Amino acid sequence: MIEKIRQYLGEDADNLLNHTGIVPKDQLHVPGPDFIDRILLTTDRPAGVLRNMQTMYDHGRLSRKGYLSILPVDQGIEHSGGASFAPNPIYFDPENIVKLAMEGGCNAVASTLGVLGSICRKYAHKIPFIVKINHNELLTYPNTFDQILFTSVDQAFDLGAVAVGATIYFGAEVSSRQIEEISDAFQYAHELGMVTVLWAYLRNPAFKTRENDYHTSADLTGQANHIGVTLEADIIKQKQPTCNGGYTALNFGKTHKKVYSDLTSDHPIDLTRYQVVNCYMGRVGLINSGGASSGASDLADAVKTAVINKRAGGMGLISGRKAFQKPMKDGVALLNAIQDVYLCDDVTVA
């Protein structure tokens with residue numbers, strides 16, 4: 001298995017597989033099959049949350065490994081149905097979304113109330129559901145960018161979901177309202193025994209400059225993660241860093257020079273590890289997103305993202321467009337290739 005992973009990594013193989021993290025791994029709470037007993041059992045999470053988290057850990061090809069492979073398909077709202085599903089129109093039918101997650105060996109499927117509600121009686125007992133409760137819709141003209149509630153925690157609970165997911169646009173003018181809404185929603189979800197998953201994204205035009213797009217800067221996304229775990233998200237979903245130094249380049253907020261000298265380097269594993277560090281040193285699992293589909297390089301890109309996440313101390317990958325914007329058999333193969341990284345004992349925490 002490791003040789004195939006090396007082939008996908010190509011010339012990056014040695015750099016990614018042999019790197020030692022700048023923040024020592026023995027300071028982290030790394031994923032594993034005992035994660036609930038070792039970490040979550042000491043928290044204030046109700047027993048139902050522990051049960052539902054274990055349900056996700058016990059499902060799919062990564063069952064009982066302590067890692068997560070999740071299929072997220074909310075792009076019909078976030079990007080429009082046409083933009084998302086025209087490359088493969090079978091996914092306008094929600095049943096095929098769930099079939100892809102099941103055949104792809106995922107731990108769970110994350111989607112909208114409408115998608116999961118339309119097929120819940122047939123599939124809620126066969127694969128764990130994560131209901132995304134808020135969305136940014138692009139039909140308003142001119143476009144606005146705001147995550148608004150589309151459903152309630154009660155509706156997610158009633159259709160049999162084990163978890164709710166939500167996005168907060170940290171850095172946006174509307175972020176304070178979103179933080180308050182999602183804090184309340186997550187509290188109630190925990191009372192019902194549901195796991196909480198936060199898409200901890202940045203959104204502000206000022207974060208993109210001529211030099212860099214700091215929406216994926218390690219220091220800024222790390223702070224978004226830190227706020228997210230403060231809201232008691234059980235899992236943080238974050239874009240993998242592509243740069244660093246957002247605070248210093250934009251000259252705002254507060255940071256410390258040791259963030260850039262002692263806690264990060266320019267290595268992608270160290271940048272991602274800083275995201276893990278801000279998830280209470282791994283007490284809350286970090287899953288990175290798979291990103292947009294770019295065609296022929298999708299499989300190699302997905303494997304690389306998974307290797308970086310796992311070696312950084314992350315808990316898994318949540319990959320959507322790379323999987324569903326192609327024939328189902330190819331989507332299954334991509335999901336399996338991601339999972340193989342987490343199944344491979346030769347890919348270790350750096």
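## Surroundings of Leu192

Apart from its neighbours within four places in sequence, Leu192 makes contact with Val153, Asp154 and Phe157. The model in which these contacts are found is predicted. Leu192 itself belongs to the loop that runs between α10 (175-191) and β7 (195-202).

Leu192 has a relative accessible area of 23% and is therefore partly exposed, since buried means under 20%.

## Salt bridges across the chain

Side chains of opposite charge can pair when their charged atoms come close. In the whole structure, a search finds 15 salt bridges. One of them joins Arg45 to Asp234, with 2.6 Å between the closest N and O atoms. This pair links distant parts of the chain, 189 residues apart: Arg45 is in the loop between α3 (35-38) and α4 (47-57), and Asp234 is in the loop between α11 (218-230) and β8 (235-238). Both Arg45 and Asp234 are buried.

A salt bridge also connects Asp340 and Arg61, whose closest N and O atoms are 2.9 Å apart. Here helix α17 (residues 328-343), which holds Asp340, is linked to the loop between α4 and β1 (68-73), which holds Arg61; the two residues are 279 residues apart. Arg61 is partly exposed, its relative accessible area being 34%.

## A helix-to-helix pair and a network

Lys122 and Glu95 meet through their side chains in a salt bridge of 2.7 Å, N to O. Lys122 lies in helix α8 (residues 120-123) and Glu95 in helix α6 (residues 94-103), 27 residues apart. Lys122 counts as partly exposed at 45% relative accessibility, whereas Glu95, at 18%, counts as buried. Elsewhere, salt bridges with shared partners join Asp44, Arg45, Glu232 and Asp234 into one network.

## Overall fold and surface

The protein contains 17 helices and 10 strands. Its radius of gyration is 19 Å, which agrees with the value near 20 Å that a compact globule of 350 residues would have. The C-alpha trace spans about 50 × 45 × 45 Å along the principal axes. Of the contacts with a separation of 6 or more, 74% are between residues 24 or more positions apart.

Buried residues make up 55% of the 350 residues.

Note on methods: Residues are numbered from 1 along each chain as its sequence is written. This is a predicted model: local features need pLDDT of at least 70, side-chain atom pairs count only at pLDDT 80 or more; totals for chains, interfaces and linings use all residues. Side-chain values use heavy atoms; hydrogens and water are left out. Helices (H or I, at least four residues) and strands (E, at least two) are DSSP runs, numbered from the N terminus. The radius of gyration is taken over C-alpha atoms; the globule rule is 2.2 Å times the number of residues to the power 0.38. Buried means under 20% relative accessible area, exposed over 50%, partly exposed in between (1.4 Å probe, protein chains only). Contact means heavy atoms within 4.5 Å. A salt bridge is a side-chain nitrogen of Lys or Arg within 4 Å of a carboxyl oxygen of Asp or Glu.
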